Every structure is written in C-alpha cells, then in structure tokens.
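Please read the following report alongside the sequence and the three-dimensional view.

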Amino acid sequence: MQPRNMSMSGVVDLAAVKAAQEAKAKAEQARAEAARQGGPGAVSPADLVIDVDEAGFERDVLQRSAEVPVVIDFWAEWCEPCKQLSPLLERLTVEYNGRLLLAKIDVDANQMLMQQFGVQGIPAVFAVVAGQALPLFQGAAGEAQIRQTLDQLVAVAEQRFGLTGLAVDPDAEPGGAETAPAVPAGPYDALLEAAVQALDAGDLAGAVQAYRSVLAEDPANSEAKLGLAQAELLQRVQGLDPQQVRKDAADKPADVQAQIVAADLDLVGGHVEDAFGRLIETVGRTAGDDRDAVRLRLLDLFEVVGADDPRVAAARRALARALF
C-alpha cells in the first residue's frame with residue numbers, strides 16, 4: 001500500500017478551536033502548578049512508547065493528549081509493513097525526547113478502536129492532540145516523510161494547543177514518574193464549564209451570557225474571550241440561508257452588511273482566508289462608520305481563529321496596509 005498523506009492544517013473547526021483553548025489553558029495551569037510543586041516528574045525514554053487497549057484508551061491517549069501529542073500506531077502481528085514501520089516510529093519517538101508519545105494499538109485485539117478511527121488498512125498512523133484526532137498517514141512511509149509529519153505535529157501542538165511535551169530523564173526508571181497533582185479549580189471554572197455545556201446543548205444565548213459574566217470580572221480571561229467570540233459568531237449565522245447570503249454578497253459588492261454576513265458564513269464553513277480577504281477588501285473601499293464596522297467584525301473573527309494562527313498574522317498585516 002502506498003503512503004497516503006493527509007494534511008493536518010486547513011479549515012477552522014469551531015469545536016477544535018474550543019478544545020484547543022481549553023487544552024491550552026489546562027496545560028498552562030498544569031505547568032504553573034508543577035512549578036509550584038518543584039517541577040514535573042520526569043519519565044524514562046521507555047515510558048514514551050506504550051501499548052494501549054480499549055480499556056485504557058481514555059486514560060492513556062485522550063487524557064495524556066492534554067499534556068503531549070499522542071501518535072497512534074495501528075498494527076498487527078501478521079502485517080509485514082508494520083514490522084518495518086513500528087520500530088522506526090519507536091526510535092523516532094525516543095529521539096523526539098518527550099515532545100510526543102507513541103501509543104501502539106493491536107487492531108486484532110482492539111477492533112472497536114480500529115472502527116472508531118475509520119482505519120481501512122494497516123499500518124495506519126493517527127495523532128490525538130487535546131482530544132482531537134488527526135490522520136497522519138497510511139501505509140509504509142520513509143523516515144524523511146515521517147520526520148516531516150512529526151515536526152508538523154509537534155509545531156501544531158505547541159503553537160495551537162500550548163503543549164510542550166514531557167520532561168525525559170534517561171536515568172529514570174520506567175513507570176517511575178509520579179502522577180501530576182490535580183490542578184485546583186480556578187475562580188471562573190464553574191461559569192466556563194456552564195458556557196461549554198450551553199454551547200454543546202445549542203443554547204447560544206446561555207453560552208454568551210456565561211462568557212460575558214466571566215469577562216465582566218476578568219476582562220483579560222483568554223478562554224472567555226475566545227468562547228464569547230465563537231458563541232456570538234454561531235448566533236449570527238444561526239438560521240441564515242447560505243445560498244441567499246452568498247448571492248447577496250455577489251450581487252451587491254458595495255453592500256457592507258452583505259459582505260460582513262458573508263464573511264461570518266465563510267469562517268463557519270472553514271474558509272478562513274476568504275473571510276479575511278472579503279473584509280479586508282471591503283475596508284479598502286469604504287470609509288467612516290462603514291469602514292469601522294467592517295474593521296471591528298474582522299477583529300472579532302481574529303478572536304475566533306486565534307492570535308497564534310499564521311493566517312491571522314497575515315491578515316493583520318493586510319488590514320494595516322488597507323487602513324494606512
């Protein structure tokens with residue numbers, strides 16, 4: 001079977017944005033708490049490669065993916081390409097020195113996990129970052145290709161999710177790391193959790209109110225700012241007719257409100273550059289209150305995507321050129 005690369009970049013998945021922000025906040029809390037406790041416990045190189053089954057998947061993969069990107073190797077004893085790929089993945093995992101974890105899953109013993117990931121053939125390699133599954137490649141792959149994919153995974157995990165990996169002590173005994181202390185609940189955790197639950201239930205007004213309550217007390221709260229921007233975006237597009245919105249924007253290029261609504265729809269659909277480009281072009285041909293309305297909506301969309309996203313940085317530069 002020939003390798004089939006699957007890109008990890010692309011559209012903005014609003015659920016993934018929310019999960020990324022939550023994971024980033026938890027990782028920052030965990031690092032702060034570990035620092036107060038004298039530093040995190042180190043793991044041995046042997047602890048970086050683990051066998052995972054269905055019973056331990058949530059603990060060993062999903063929960064760990066809030067600390068470090070977890071690469072999943074779906075394999076079987078009878079699979080000849082697996083016998084070449086698996087040792088290579090194990091060696092590279094150790095070389096990455098804690099920036100990722102390798103979970104090996106025997107498909108014969110874990111059919112349910114194979115089905116949940118939609119694995120059609122093995123070897124198949126996925127990653128889980130902050131609870132989000134990412135397909136990496138399928139089939140035997142060369143070392144250079146794998147390194148490039150892992151480099152991209154590590155960069156995404158750090159830049160988008162704030163995950164910097166595990167400390168590794170080559171002299172540590174396997175399995176000897178102490179369990180990290182529980183992170184104490186923050187002053188707004190109940191409100192933030194209520195907002196997330198409201199989003200999941202489709203109660204957008206409830207989510208907006210919960211996030212605003214947090215920001216009223218803590219205006220710099222990054223999780224609440226992102227959550228509010230997301231919830232308000234979903235509110236704005238709720239009930240829209242996409243075909244009519246796009247027709248209005250195409251038929252009336254000078255209609256500022258039509259372009260703003262179309263940009264919202266672009267972003268929800270994952271067309272990030274289209275949304276940004278549409279509003280930047282509108283800024284360039286408007287003035288006064290109209291220009292300010294477009295600029296403010298663009299800043300709202302920047303909040304949804306996240307300041308660390310390179311597309312936001314590029315759009316900010318383009319906006320500055322359009323304004324000045």
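Predicted model: local features only at pLDDT ≥ 70, side-chain atom pairs only at ≥ 80, totals over all residues.

Residues are numbered from 1 along each chain as its sequence is written, and side-chain values use heavy atoms, with hydrogens and water left out.

The chain holds 13 helices and 6 strands, where helices (H or I, at least four residues) and strands (E, at least two) are DSSP runs numbered from the N terminus. Of its 324 residues, 44% count as buried; buried means under 20% relative accessible area, exposed over 50%, and partly exposed in between (1.4 Å probe, protein chains only).

Helix H5 (residues 143-161) has 19 residues and reaches 26 Å from its first C-alpha to its last, close to the 27 Å expected at 1.5 Å a residue, the expected span being 1.5 Å times one less than the number of residues. Its buried residues are Ile146, Thr149, Leu150, Leu153, Val154, Ala157 and Phe161. They lie on the same side of H5, because they cover an arc of only 135 degrees around the axis, the arc being that of the directions from the helix axis to the C-beta atoms. On the other side of H5, Ala144 and Gln148 are exposed. The C-alpha atoms of Thr149 and Leu136, 13 residues apart along the chain, are separated by 7.1 Å.

Helices H10 (residues 256-268) and H12 (residues 288-305) pack at an angle of about 5 degrees, with their axes 10 Å apart. Axes are lines fitted to C-alpha atoms, for helices over the stretch in contact, and angles run from 0 to 180 degrees between N-to-C directions. The contact (heavy atoms within 4.5 Å) brings residues of H10, including Val256, Ile260 and Leu267, to residues of H12, among them Val294, Arg297 and Leu301.

A cis peptide bond, with omega about 0 degrees, joins Ile122 and Pro123, and Pro123 is found in the loop between helix H4 (111-116) and strand S5 (124-129).
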